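Morning, everyone. Please have the sequence and the model open. I will go through a few places, one after another.

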Amino acid sequence: MSFYEILSAIDRQGLDRAFAAFSEGSIGRILDSDAMAEEDFLALLSPAAGNCLEEMAGKAHRLTLQFFGRTIQLYTPLYVSDYCENQCLYCSFNSCNSFKRKKLALNEVDAEGALIAATGLRHILLLTGESKAKSPVSYIRDCVRILNRHFSSVSIEVYPLTEEDYAGMVSGGLDGLTLYQETYDEDVYRSIHPAGPKRDFRFRLDAPERGASARIRQVSIGALLGLADWRKEAFLTGLHAKYLMDRFPDVEIGVSVPRLRPFSGSFQGECRVSDRDLVQIILAFRLFLPRLGISLSTREDPGLRENLMPLGVTRMSAGSVTSVGGRSVDTHESEKLLQFEVADHRSIPEIASRIRQKGYEPVMKDWVPFS
Amino acid sequence: MEDFLEIGGKKLSSRLFVGTGKFPGNAVMRDVLLASGTEVTTVALRRVDPDSAAENILDYVPHACTVMINTSGARNAEEAVRIARLARAGGTGSWIKIEVIADTRYLLPDNLETLKAVEALVKEGFTVFPYMSPDLSVARRMADCGAAAVMPLGSPIGSNRGVKTKELVRILIDEIKIPVIVDAGLGKPSDACECMEMGCEAVLVNTAIAIAENPVETARAFAMAVRAGRLAYASGISGSVETARASSPLTGFLRDNG
């Protein structure tokens with residue numbers, strides 16, 4: 001059964017009723033047990049579990065230590081093009097937004113890569129807007145090839161591709177795929193993606209599976225928190241992660257927990273996700289899938305990021321710039337358009353040093369490309 | 001009493017091997033390696049960065065330690081072989097711990113692929129230490145291929161559950177001619193001691209030390225436990241079973257009745 005079929009069979013109103021039915025006593029029993037069923041995961045995302053965060057945090061911290069130790073792997077995003085054919089209501093790169101768009105030439109990609117690599121970081125995430133005309137698969141493949149000169153692990157966060165295209169990128173040195181579904185609610189999905197190729201919910205939903213089939217080593221998924229009810233979004237993200245883990249036991253599956261951030265537009269999102277809610281989501285993920293990689297981006301501020309480290313986070317972005325060529329390429333300030341505003345502006349060395357102060361090792365390199 | 005472990009052409013006085021993953025920092029890791037007295041340490045090639053001006057994990061390994069590169073991240077034999085070759089080309093020596101894991105949920109080794117990698121890497125002149133599930137026939141084949149030791153898991157990596165595979169490890173100790181080194185899952189010094197009492201030639205510990213509140217003291221405790229267990233084994237502790245039998249509580253009446 002495909003994940004789309006699993007998703008379609010879920011009764012969303014039934015989930016709301018189930019969330020309301022859990023008691024704090026049932027959360028205690030779940031935490032005392034080693035086994036964790038999907039229904040237990042649902043319980044951990046319920047309002048009742050919201051009153052048991054300290055107890056959940058204790059166990060989540062122990063599990064994180066056991067499987068990941070006191071380490072945080074660092075990576076940084078590199079935006080190579082902001083041309084986009086979509087109209088995502090929550091994104092500055094929306095094709096209706098009028099600004100001077102930019103795409104890095106390959107020599108500029110090389111220069112940005114060299115600059116980032118000089119910090120010691122060996123993991124990079126390459127991002128583009130969705131424009132097959134301006135940033136076609138061949139361009140992304142060339143970028144991956146160039147970045148491989150500077151990095152041990154190159155991941156992409158671009159529009160969904162076919163399995164053949166993913167396989168071609170793997171043979172060109174691609175290591176990881178990040179692809180957020182944005183929302184697992186198909187109705188909300190359609191309403192916030194009014195035009196463009198991204199309207200195809202299913203093609204996007206199945207993309208992580210196509211990537212894993214194409215032998216991409218690590219695959220990260222997630223929902224953009226704030227677009228729809230976070231309890232259901234987190235639950236469905238967790239089910240999606242488990243579905244991928246079950247089918248691809250040799251692929252490292254991870255999740256991200258991005259919250260909607262201010263951007264160049266007026267969309268606010270339907271559902272606010274508080275810091276407390278975010279903590280509950282991270283804890284529930286860790287308790288449900290103890291070996292799951294959990295990424296936290298610079299969308300969150302430094303103080304919160306540091307507090308979230310012991311609770312289950314295993315990867316963090318650092319030194320993020322969310323505009324195209326924001327590091328080495330000479331772009332006039334007025335021409336820079338951020339995809340969204342970051343909340344942690346510290347440099348990579350600053351973040352690394354702070355992680356050490358907190359008693360954790362910032363891991364700059366955790367892969368060896370051997371092909 | 002002099003007691004050395006002769007393995008891979010080296011003569012070691014410490015039978016505690018220590019892994020370098022999950023530590024809260026490279027400096028602590030170095031202190032641990034020194035305090036434990038270990039002479040063999042495993043390092044994942046994926047963490048090694050000779051090009052980094054700031055930090056390279058290998059710079060923190062004491063000179064007295066032999067580095068055993070592990071192939072963490074390999075999902076099949078071919079990938080393990082490639083990682084081993086890269087390690088040797090990078091100048092990290094030829095001791096390789098083969099770790100082939102195609103299961104990210106339990107991190108259990110793939111014995112068949114591991115065996116293939118043993119075969120290939122021994123032929124290429126590596127000193128090979130395969131991490132494996134304790135299976136007698138596979139261990140025999142690894143020994144026949146020329147592995148320097150077999151490294152059966154005590155319980156899944158990082159689980160700290162102790163020697164759950166005890167009966168199977170005991171069979172390997174009894175039957176396999178090369179050293180048996182229990183790797184993975186040892187959560188307490190007493191677990192390490194138990195392995196050594198059984199007759200393991202050495203143990204490898206990582207998580208239990210790396211995530212302890214005080215990694216350095218925990219490393220010392222493991223080192224003591226390994227020595228105690230080895231001493232007990234070498235002094236014939238299992239002979240106490242014979243003594244118990246001599247009293248023959250069940251058949252003593254035969255003697256009494258003449």
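Start at A:Ile10, in the loop between α1 (3-9) and α2 (12-21) of chain A. Helices here are DSSP runs of H or I with at least four residues, strands are runs of E with at least two, and both are numbered from the N terminus. This is a predicted model: local features need pLDDT of at least 70, side-chain atom pairs count only at pLDDT 80 or more, and totals for chains, interfaces and linings use all residues. Residues are numbered from 1 along each chain as its sequence is written, chains are lettered from A and ligands numbered from 1 in the order in which they are written, and side-chain values use heavy atoms, without hydrogens and water.

Buried means under 20%, exposed over 50%, and partly exposed lies in between, with a 1.4 Å probe and protein chains only. Beyond its neighbours within four places in sequence, A:Ile10 is in contact with A:Leu15, A:Leu236 and A:Leu239. Contact means heavy atoms within 4.5 Å. A:Pro208 is 198 residues away along the chain, and its C-alpha atom is 20 Å from that of A:Ile10.

Next, helix α5 of chain A, residues 53-68. The 16 residues should span 22 Å at 1.5 Å a residue, and the end C-alpha atoms are 21 Å apart, so the two agree. The expected span is 1.5 Å times one less than the number of residues. Buried residues in α5(A) include A:Leu53, A:Met56, A:Leu63 and A:Phe67. What do the buried residues pack against? In chain A, they meet α3 (24-32), α4 (38-44), β1 (71-81), α13 (275-288) and β7 (293-296), and in chain B, α7 (207-210). After α5(A) comes A:Gly69, with a positive phi near 70 degrees.

Now A:Gln218, in strand β5 (residues 218-223) of chain A. A:Gln218 counts as buried because its relative accessible area is 10%. Its side chain makes a polar contact with the side chain of A:Arg315, at 3.3 Å. A polar contact is a pair of N or O atoms within 3.5 Å; within protein, one must be able to donate a hydrogen and the other to accept it, and residues adjacent in sequence count only if both atoms are side-chain atoms. Leaving out residues up to four places away, A:Gln218 also touches others, among them A:Ser153, A:Asp175 and A:Glu252.

Over to chain B. Strand β7, residues 127-132, is mostly covered: six of its six residues are buried. B:Thr127, B:Phe129 and B:Tyr131 point one way, and B:Val128, B:Pro130 and B:Met132 the other.

Which strands does β7(B) pair with? One is β6 (residues 95-98) of chain B, parallel, over four bridges. The other is β8 (residues 151-152) of chain B, also parallel, with two bridges. Two strands pair if DSSP finds at least two bridges between them. In the β8(B) pairing, B:Met132 stands opposite B:Pro152.

Last, the whole sheet. Eight strands form an open sheet in chain B, in the order β8-β7-β6-β5-β4-β3-β10-β9, with parallel pairing. At the edges are β8 and β9 (181-183) of chain B, each pairing on one side only.
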